[in-house]
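Here is a short report for a first look. Start with the sequence and the model below.

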Amino acid sequence: MTQRIIYPTDDGGVAVIIPAPEYLETHTIEELAAKDVPEGKPYKIVDVADIPSDRTFRDAWEYQE
């Protein structure tokens, strides 16, 4: 799976949900977002290549609509 779900956290950061392949065998990534993203939070489904691979400054990531 090359997609991730991202959404803004309450402290201004970005949460990243990595779907389990087993879950996606019977569900869609949209169903996972509906289940796991906190109610009322905006979210995006993005390609894994759009997420920085260097986690050094992960706490500085910002969610942009």
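## Confidence

Among the elements of the protein chain, helix 2 has the highest mean pLDDT (97) and strand 2 the lowest (94). Here pLDDT is the predictor's confidence in each residue, from 0 to 100. Helices (H or I, at least four residues) and strands (E, at least two) are DSSP runs, numbered from the N terminus. The protein chain averages a pLDDT of 90, and 100% of the residues score at least 70.

This is a predicted model, in which local features need pLDDT of at least 70 and side-chain atom pairs count only at pLDDT 80 or more, while totals for chains, interfaces and linings use all residues. Residues are numbered from 1 along each chain as its sequence is written, and side-chain values use heavy atoms, with hydrogens and water left out.

## Strand 1 and its partners

Strand 1 pairs with strand 2 in the antiparallel sense over four bridges. Two strands pair if DSSP finds at least two bridges between them. Pro8 stands opposite Val14 in strand 2. The two strands form a hairpin, with five residues between strand 1 and strand 2. In that turn, Gly12 has a positive phi of about 95°.

Strand 3 also joins strand 1, running antiparallel to it through four bridges. Five of the six residues in strand 1 are buried. Buried means under 20% relative accessible area, exposed over 50%, partly exposed in between (1.4 Å probe, protein chains only).

## Arg4

Arg4 lies in strand 1. Its bridge partner in strand 3 is Val46. Arg4 also touches residues beyond four places away in sequence, including Ile17, Ile29 and Ile51. Contact means heavy atoms within 4.5 Å.

Arg4 is buried yet has no salt bridge. The nearest side chain of opposite charge, Asp47, is 8.5 Å away. Lys and Arg count as positive and Asp and Glu as negative; His and the chain ends are not counted.

## Salt bridges

How many salt bridges does a search of the whole structure find? It finds two. A salt bridge is a side-chain nitrogen of Lys or Arg within 4 Å of a carboxyl oxygen of Asp or Glu.

One joins the side chains of Asp10 and Lys41 (2.5 Å, N to O). This pair links distant parts of the chain, 31 residues apart. Asp10 sits in the loop between strand 1 (3-8) and strand 2 (14-17). Lys41 sits in the loop between helix 2 (29-36) and strand 3 (44-47). Asp10 is exposed at 74% relative accessible area, and Lys41 is partly exposed at 22%.

Asp36 and Lys35 also meet in a salt bridge (2.8 Å, N to O). Asp36 is partly exposed at 35%, whereas Lys35 is exposed at 52%.
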